[in-house]
Amino acid sequence: MTTQTFDQLPREAARAICLWSFCWYTHAAPGEEYADLDAAARECADRGFDTLRVCGMPSYVSRSVRTGLDELELLNWEGGVTDNLRWYNFRGDITIQPAARLIDLCRAAQANGLKLILSNWDFNQSFKFERSGELQRTLDELPTIEAMFQHIADVMLDSLELIDQHDLLDVIWAVEITNELESPEIGPLSRLGTDSQEGPKGTEAGARQHLHEVTRPMIEECIEQLRSRFPELKYAVDTVWPWADSSAPTNLDLIAINGYITDTALLGDYRALFSDGDVWQGDVLDEKVRHLLLPDAPSYRAWREGLGTSIRDPYFPQCYLATWADPDRFFQFFDEVWRRAEDGAKSQMQQWIREATQLSSDLDVPWYFGEGYATTISLTSLWDSGSSARDFHRWVAEQLRAAGAIGWTPSSAASPEQTDIWPLEAWVKDMNALVRA
């Protein structure tokens, strides 16, 4: 409803980003952290955040808009498997209204002086949460990568139209057409490239470049479709690490980056706990991990067999460690691994920042880190709230500020559902103060 385009808008201060991910709609049962969106948004504002980065669940919202049936039945996610797994420790077994909840989110953000980074995690995680599995089937049946990006354009347009109808478009700070472009878990793009030995699927240099070259024209076309209807918004495609080769889309308004040091080869001793070094999908190697476990821990194979086949895979190796690792032993182990890797971690982070600043210079657009750094996925690990993790995250924030990032998160685990980091209110406020410094 505004007539200004992005290039006519003034440059603004850096954003202090809180990662709400998909949790704002999965952790929605009575008593869970996002049952009251306004209260959750108020907590974030009180801790110094001004921006929420969310999966806008656009496929669910679009389906609600187009069918007139605003219902999403969440799978029952309880049962002890994900109780201690970061981001996945929700109950489920409730029905939410995707379209209405998106509007409630926008209103909660507006009421508390917050902006939204509206992202799209449908091909990464969102499909896992629906009881019926309808979205999983829909996305996996898309015949081509071109069809995938047309689907993205269609559902994002439906979501933005809905927000605009409620006069809430000014809440949107940025639109990410995808989260982690290189690591979809479903759909035609997930079948492109090779498994990586350096990080998540698709992040090995050759595979990344191939994926970038294939998707660039489709990304540009998707953005142009969105921009033709909403020229006042800023558009980005979120990537696992900076888009460092020459095939970056030329019509980006922002460069959006995720950068997890804990997904790199630097932490080899930690990756050695898993077959093929795959911390997400590899088997936990009993002989490597036994000394870290609680006395009554079953073997990984026995634990997996006991689960049966009905539960969807929420990263079983991490579920096992989050359930059966002795917190003190795991802390000592991981902290020693980290101390050996810390110099390399800082060098890698500086390399990513150099790549981001170079791309920013080449495209003449600003950049931000929406999530990343050094994070374990277990809520029982003790490491993320310890001094090593907090000191590293502060160092990263100082580097990002010095390099001119337009926004960053103090920690991907600094959000209301994270029971280890969220209570560290003074630390979170201090980290967000760096954005303003």
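**Terms and values**

Modeller: Let's start with helix 4, residues 98-111: its 14 residues reach 20 Å from the first C-alpha to the last, close to the 20 Å expected at 1.5 Å a residue. Bear in mind that this is a predicted model, where local features need pLDDT of at least 70, side-chain atom pairs count only at pLDDT 80 or more, and totals for chains, interfaces and linings use all residues. Residues are numbered from 1 along each chain as its sequence is written, and side-chain values use heavy atoms, with hydrogens and water left out.

Colleague: What makes 20 Å the expected span of helix 4?
Modeller: The rule is 1.5 Å times one less than the number of residues. Helix 4 has 14 residues, and its reach is close to the expected 20 Å. A helix here is a DSSP run of H or I with at least four residues, a strand is a run of E with at least two, and both are numbered from the N terminus. The protein chain has 14 helices and 11 strands.

Colleague: Why is leucine 142 called buried?
Modeller: Buried means under 20% relative accessible area, exposed means over 50%, and partly exposed is in between (1.4 Å probe, protein chains only). Leucine 142 has 13% relative accessibility, so it counts as buried. Leucine 142 sits in the loop between helix 5 (134-140) and helix 6.

Colleague: And why is glutamate 161 called partly exposed?
Modeller: Glutamate 161 has a relative accessible area of 25%, so it goes down as partly exposed. Glutamate 161 belongs to helix 6, residues 145-165.

Colleague: Which residues of helix 4 are buried?
Modeller: Among them are Pro98, Arg101, Leu105 and Cys106. Across the protein chain, 60% of the 437 residues count as buried.

Colleague: What does leucine 142 touch?
Modeller: Contact means heavy atoms within 4.5 Å. Setting aside neighbours within four places in sequence, leucine 142 is in contact with Phe123, Ala147, Met148, His151, Pro188 and Arg191. Glutamate 161, not counting residues up to four places away, touches Arg229 and Phe230.

Colleague: How do you know that the protein chain agrees with a compact globule?
Modeller: The radius of gyration is taken over C-alpha atoms, and the globule rule is 2.2 Å times the number of residues to the power 0.38. For 437 residues a compact globule would come out near 22 Å, and the protein chain has 21 Å, so the two agree. Along its principal axes, the C-alpha trace spans about 65 × 45 × 45 Å.
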